[in-house]
Structures are given as C-alpha cells and as structure tokens.
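This report covers a predicted model, with attention to its salt bridges and to the contact between its chains.

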Number of protein chains: 2
Amino acid sequence: MALEHAILVSLSERPGSGYELTRRFDKSIGFFWRATHQQIYRVLKRMDDAGWVHVEHVAQDGKPDKKVYTVSAEGAAEISRWLAEPAQPTELRDELAIKLRAAHGDPDAVAAEVARHRAQHAERLALYEAMERRDFPDRDALTGPALHQFLVLRGGIGAERGFVAWCDEVLTALRRDAERGETR
Amino acid sequence: MALEHAILVSLSERPGSGYELTRRFDKSIGFFWRATHQQIYRVLKRMDDAGWVHVEHVAQDGKPDKKVYTVSAEGAAEISRWLAEPAQPTELRDELAIKLRAAHGDPDAVAAEVARHRAQHAERLALYEAMERRDFPDRDALTGPALHQFLVLRGGIGAERGFVAWCDEVLTALRRDAERGETR
DNA sequence: CGTTGCAATGCAACTCGTTGCATAGGTACT
DNA sequence: AGTACCTATGCAACGAGTTGCATTGCAACG
C-alpha cells in the first residue's frame with residue numbers, strides 16, 4: 001500500500017497531526033495521491049502500532065488537543081526499503097474513455113461530458129502552472145527536495161496538458177463525424 | 001461504480017460469458033479499466049439480479065458449460081442514464097511521484113525506478129502505436145464506433161507518450177543534479 | 001501415464017477506500 | 001442568543017478490489 005508511504009514521506013518532510021496531514025492531502029501531496037481524514041487516522045494508528053512513527057500529545061488553548069506524529073528510525077528504514085522496491089507501473093483508469101466507447105448511444109451527451117472534463121482539467125492545469133510560476137521561478141537553480149517537488153509538479157502539468165489536448169482532439173473528431181452524418 | 005458500466009458497454013458491443021469478458025479486460029477495454037475474473041463474475045451476478053442483463057446457459061462439447069450474457073432493455077436504459085450523468089474528473093494517482101518526493105533518501109534507487117517505469121511505459125506505448133497502425137490505417141475515414149475506439153486508443157497513446165517524456169525530464173534533471181553535487 | 005495448460009465458474013477472506021455520523025470546544029457573524 | 005464554521009479525532013457500515021483456493025473436463029506434451 002502506498003498511502004502509508006505517502007504519509008511517511010510527508011511526515012519526514014515535516015511532522016504533523018492527522019488533521020494537518022488531511023489538509024496536506026487536500027493539496028500538494030494530495031494532487032498525486034488522494035486520501036480522506038478517515039483513511040489517514042486509521043493508517044496513522046496502524047503505523048504507530050508498527051512503530052514507524054512516534055506520537056506526542058499536544059494540548060492547545062482555544063483548540064482541541066492534537067497528536068503530532070514524527071517518523072521513527074524504523075519508519076525511515078521503511079522508506080528506504082520501499083524506495084528500492086520496484087513499484088507496479090501506474091495504470092490508466094478513465095471512466096470517460098469507457099463512455100466514449102459507448103458514444104453511439106448518445107453522441108451529444110458524451111460530447112458534453114468531454115467538454116465538461118476538458119474545462120475541469122484546464123482549470124487544474126492553470127492551477128499547476130500558477131504554482132510553477134509562483135514556487136519555482138528559477139528552475140535551473142533547483143536542487144534536492146525543491147527540485148524533486150518541482151519535477152512532480154511538472155508531471156502533473158504534463159498529464160493535465162495531455163488530457164486537455166486529448167479532449168480537444170475528441171471534440172473535433174466528434175463534431176466532424178456529426179457534420180458528416182448530417183450531410184449524408 | 002464504473003465496472004458495471006464498462007461491462008455493459010462491452011456486452012452491448014458483443015454478448016459474452018464471464019470468461020470471455022475477463023479476456024476482453026486483459027486487452028482493449030482493459031487498457032483503460034482493469035478487472036479480474038472475480039470482480040467480473042460477481043458484478044455479472046449483481047447485474048443479472050438487477051435485470052440489466054439476460055443470461056443464457058450454453059452447453060458446449062469438449063468444454064464446460066458457459067453462461068452467455070446479453071444486455072437487456074433495462075441495461076440499455078441504464079447505459080443511457082449513465083452516459084448523461086456527469087462523472088468525476090479522473091484523478092492522478094502515481095506512486096512514482098511520491099517516491100520522487102522522497103528521492104533525497106536514495107537518489108540512485110529512485111532514478112533506477114524512474115528508468116524502469118520509463119521502459120515499461122515505452123513498451124506499452126509501442127503496443128498502442130502498433131494497434132493504431134494495424135487497426136486504424138485510414139484515420140480520416142473513421143466514423144461511429146470505430147472512430148470512438150480509435151479516439152480512446154489515441155488517449156492511451158497520449159498518456160503513455162506524456163509519461164515517457166516526463167520520465168526523461170526527471171532522469172535528465174536527476175543526473176544533472178547529481179553531477180552538480182559532485183563537482184561542488 | 002502423469003503433468004501442464006486451457007476453458008469455465010465460483011467461494012472465502014482480506015485490504016483499501018468512501019460515507020455518514022458523533023463529539024466537543026472555540027470563534028465569528030447576525 | 002442562534003447559527004455556522006473551524007479544529008480535532010474517531011466509530012461503524014458499506015462498497016470496491018485483490019488474493020488464494022477449489023472444481024470439472026478436455027487436450028497436448030513427453
């Protein structure tokens with residue numbers, strides 16, 4: 001399972017509570033691996049039992065207590081082990097592709113869906129590109145962790161750009177197909 | 001859930017048994033939505049209970065009996081309903097991206113992983129491009145279902161091409177970063 | 001004649017992930 | 001004073017997906 005490792009990596013960058021991790025998974029890390037607070041709390045507990053993290057109870061004023069998690073030596077060892085272990089290649093899983101295959105059933109509905117997805121991915125792309133400009137203005141100077149974060153973001157930009165381009169290709173082709181059908 | 005709909009779409013193209021569907025999910029449809037025989041058998045049963053498919057027991061000689069599933073009127077209606085219903089945008093989920101973020105722990109191991117993934121995705125890309133040449137030699141003449149299948153394949157080609165390009169970008173950047181570290 | 005492999009279906013147990021709900025104090029708006 | 005939202009954690013139930021195993025019969029290999 002990769003969620004454990006995503007959490008370990010995030011905690012190794014900076015210790016935090018379940019709640020804080022949840023918010024990190026709403027952005028940055030979470031752009032490439034989603035998780036709800038439920039999952040995170042449960043996995044944190046399991047990781048604590050396994051000894052991969054240390055917990056520290058922290059009382060706060062004006063806010064409920066929190067549990068701050070830190071990566072233990074065993075946790076760090078687990079990261080190393082996992083880094084060297086080969087992972088399965090990422091598989092595509094796209095509901096839109098399945099809908100496209102059924103497009104003869106209702107071409108207009110599918111075209112509308114593709115247009116919707118195009119808009120959503122364009123929005124996501126714009127967000128990533130803004131992050132790129134804001135957080136990594138001088139890309140040639142990057143090293144270490146900053147470089148790695150930049151490269152992950154580049155992956156996201158590439159994926160979203162590709163998705164938008166594909167939607168455009170599909171929309172053009174569907175439109176041309178519809179016109180051809182009318183004039184025949 | 002989309003597996004139900006993927007199966008419905010596949011059965012609407014051509015009726016078949018659970019076993020046959022499993023093999024379809026090892027290729028074509030399965031390139032964009034994986035499923036094991038277990039999942040397929042269970043979902044077929046559920047779909048039968050829901051009345052989305054008809055079952056016909058077929059005795060064969062030299063082979064075990066099989067159950068051939070056909071999409072019912074209710075099933076076809078369900079496809080239409082689902083086509084018009086907006087789907088969630090596909091989310092990225094890439095373990096390699098998480099590993100990259102932890103790359104400072106063992107840069108060489110991560111670079112090796114990226115190289116491995118590059119090779120696997122390049123292989124997948126070559127397969128898709130071969131299918132494109134073999135099955136769709138005259139892309140301007142395509143209409144209807146053939147066009148839709150072609151467009152899905154184009155999506156796969158785009159995704160794999162993007163992945164390979166990203167791996168190359170990462171490998172170049174990691175190499176340059178390592179060299180810079182040495183000479184300093 | 002024994003093993004391997006293919007065609008065909010299925011059960012059981014498990015992990016992973018989602019959804020709904022609950023609690024409890026604090027802050028901020030109306 | 002009431003409502004709504006934020007911080008913070010968690011349980012319980014469900015749905016989706018994986019893994020291991022089991023059965024039956026035929027065909028092909030050595």
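E169(A) and R154(B) form a salt bridge through their side chains, at 2.8 Å from N to O; the term stands for a side-chain nitrogen of Lys or Arg within 4 Å of a carboxyl oxygen of Asp or Glu. Between chain B and chain A the count is eight salt bridges, and over all chains it comes to 30.

The model is predicted: local features need pLDDT of at least 70, side-chain atom pairs count only at pLDDT 80 or more, and totals for chains, interfaces and linings use all residues. Residues are numbered from 1 along each chain as written, chains are lettered from A in the order in which they are written, and side-chain values use heavy atoms, with hydrogens and water left out.

| Pair | N to O distance |
|---|---|
| E169(A) and R154(B) | 2.8 Å |
| R139(A) and E169(B) | 3.9 Å |
| D26(A) and R34(A) | 4.0 Å |
| R116(B) and E113(B) | 2.2 Å |

R116(B) and E113(B) both belong to helix α6 of chain B and sit three residues apart, about one turn of the helix; helices are DSSP runs of H or I with at least four residues, numbered from the N terminus. E113(B) is buried at 4% relative accessibility, whereas R116(B) is partly exposed at 31%. Here buried means under 20% relative accessible area, exposed over 50%, and partly exposed in between (1.4 Å probe, protein chains only). Salt bridges with shared partners link E132(A), R139(A), R154(A) and E169(B) into one network. Within it, R139(A) is partly exposed at 38%, as is E169(B) at 23%.

The contact (heavy atoms within 4.5 Å) takes 71 residues from chain B and 71 residues from chain A. About 6,400 Å² is buried between the two chains, 60% of it from carbon and sulfur atoms; this is the accessible area (1.4 Å probe) that two parts lose on being put together, summed over both.

Chain B can be laid on chain A with an RMSD of 0.0 Å by a turn of 180 degrees and a shift of 0.0 Å along the axis, using least squares on the C-alpha atoms of residues with pLDDT of at least 70 in both copies. That is the relation of a two-fold axis. The same surface serves both copies, as 100% of the contact residues of chain B recur in chain A.

How values were computed: Helices (H or I, at least four residues) and strands (E, at least two) are DSSP runs, numbered from the N terminus.
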